Amino acid sequence: MERRLGTGLLAAAMACLLGLFGTMFPLCRAYAQDSGQAQVPQLEEGTYVQGEALVSMTTTQAAALTKEGAASFDRDIQVEECWDFGQAQGAQSGQVKDYVALVSSDTYTTQELMEIVSEKYYVDAVAPNSYAHLCGSRKDPLSDYQWYLNGTGALETGSKGIGLAGMKAAPSMQPVVALIDTGVDYTHEDIKDSMWVNPYQSEGLEGVYGYDFANEDADPMDTHGHGTHCAGVIAAQTGNGIGVAGISNAKIMALKVAKDGKETFDTAGVVAAFEYVVQAQQLGVPVAAVNCSWGGGRDTGAVLNTLINKMGKNGALTIFAAGNDAVNWDAVSLPKRQTPYDLTSKYVVVVGASDENDARAYFSDYGNTLVDLFAPGMNILSTVPEAKFLPQFWEESKRARMTAYYNTFTNIDGLYTSAQISGLQSDYTVSLSYEPNVGFRDQPDGCLKYTVKRNMRTAASGQAGAAVLHNGKEQAGFIYLDVTPLELDTSRTYYISGLMAENDGDGTPNWETFQKISSAADSRFVTAGGRTYLALIGINMNSTKPATYYFDNLALSMEDPDTSQFEKCDITSGSSMAGPMVTAAAAVLRGANPYLDAASIRKLLMKCTRSADTVENACVTGGILDLSGVVIQASGLKLNKTSANVRYGATLQLKATVSPSNATNAKIKWTSSNTDYATVSSNGTVAVKKAGVGKTVKITAVTRDGTKLKRTCKVKILKAKI
């Protein structure tokens, strides 16, 4: 980063003079290496918290911006919080640390605030507090619908998924994944045994399973669902006979940064979460990866890079979702790039979303130099906090037992619109037809095509509970099921569910689930013309422009169903789902190679892909995550002998032992320092020659897996016995 000469050097020089014989002397040398003022980024309205800024510093605790409260140099600036990231790299004194502070002002604009604090000589970077947003045992009963594991199961795909079945690497340790998100439902039956449990609370690291930085308490419970969905992809318990199967054996550290019901949050919460990770790492927690299924905001790179580098040097990769706006970030100029595209840390991995045919999901962001790899992100089934009526993912016997109606569509018999029901009034025009070429991939048939428009441009009536009619008129353009033959008791409670996708004309449909409830208090039943109809779902809109949707796997429960039989799972699409798959892969690699640093794990991770023409020019690797490429590298090499005497006419058998015992490639390359005196075969057999008598030859074994571990045996050649 460019810095200018001036007040910074003067202050540093004064610090040297004042502390010449004390601890400030090494501090002076650290400062004198850089001189000048931190660059102040340009702002874009609406992307940051007004009157707040983040400040990255390398200094001691004596600096003004490390102290919470009014700044000593300007009472109109408040230091709201300061996070300590430990000793600065290269500092000769433990008192010189990396800090990030959140500062605010009611007097200055954000731009003015950043300009003022950037003048401090110890400030490395400043940024606005930007907004980010959310981008062998019993069989797990829903795993058939996790197409992304191996491209097999109940869903028809043209993909091999992530090749989980082909993964041969067995973990030798259990790493931790820090999940920075909406929290995690740590009571979820499929996740509770995968939660990290904090052993360092007595040493100041708060929270049992992590921490809630959105509400500043120790309970990171998820009520939104996004974080729990990510957690299930990473590490849901496998083979427990419940729900879905996770990818890794990692433990989940839940770090909540988004308030309940919110999908945006400020970067200060992320900084606080990063500090928590660093503290945990310093206490000995083996954090392998930090999952960031979010992005947005600009000009935070200079601040976040420092923290990501800190976590990286401590062993963790930071995995970001690419985003869901179909943007080619290579074509976006540097000043306009948003996080994670303004980051330059070598410990960052950016992941795009692929679909069931190994193509780039139509919504996924991409970039030949800025997105590292792709992973499945379309129609991903995983854990959520709330139990749902989703017979679409049940075994046939359970579905038959718990549903009164289930339709995967070969026609539209029994379904109606208000125009077909005598006496129903509506401001909507709805048309229903059978679509043979589109449908959820569990069946070869098609789906229901639904087109709706509002007849006049007037304000849509406000929803009154779940009621179908308001003042005698439809509240939305509904799809009705004739339930007369089912003889249902309309005073009972029924659950309705299905899959829906908007017809946006882009590639594979992005299916989402919906759930509705009909009860005695909020009934969805309508009686007309001597028949009974149930409103399955309706679209409420103001526009007179028609909109088209697809519906599939429509279901109606039996009356008053046993909700304990419902699953706490749901299907979601987005690069937010692709990111956790790569996070899980990083955890797998770290578990199998616990001695490797984060940079080495990243190199292995980039090799865990299979080429796909559809993403060849959309990411750095040109491929999609494939865990069949996971390797366990050699960490040790021993020879049965390090020195030996061999008489001419005899041979020596050397044996090389590679550790760990399950290393993917245990092959050895053998060489002799002088083949005129002695040779060595590919299996380590040493044969000496007459010309070598009285000489010493070095026989060397080197691992062939790229680690190039080397061990040598010194062989002294003796005369033959007479």
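Which side chains meet in a salt bridge at 3.7 Å, N to O? The points below answer this and then turn to other pairs in this predicted model.

1. The side chains of Arg454 and Asp427 form this salt bridge, with a distance of 3.7 Å from N to O. The two residues belong to distant parts of the chain, 27 residues apart: Arg454 lies in strand E18, whereas Asp427 sits in the loop between strand E16 (415-416) and E17. Arg454 has a relative accessible area of 4% and is buried. Asp427, at 16%, is buried because the limit for that class is under 20%.

2. A salt bridge also joins Arg441 to Glu356, and their closest N and O atoms are 3.8 Å apart. Arg441 is partly exposed, with a relative accessible area of 22%, whereas Glu356 is buried at 1%.

3. Asp260 and Lys256 provide a further example, their side chains meeting in a salt bridge of 2.5 Å, N to O. Lys256 counts as buried, with 2% relative accessibility. Asp260 has a relative accessible area of 43% and is therefore partly exposed, as this value falls between 20% and 50%.

4. For the structure, the count comes to 17 salt bridges.

Technical notes:
Residues are numbered from 1 along each chain as its sequence is written. This is a predicted model: local features need pLDDT of at least 70, side-chain atom pairs count only at pLDDT 80 or more; totals for chains, interfaces and linings use all residues. Side-chain values use heavy atoms; hydrogens and water are left out. A salt bridge is a side-chain nitrogen of Lys or Arg within 4 Å of a carboxyl oxygen of Asp or Glu. Buried means under 20% relative accessible area, exposed over 50%, partly exposed in between (1.4 Å probe, protein chains only). Helices (H or I, at least four residues) and strands (E, at least two) are DSSP runs, numbered from the N terminus.
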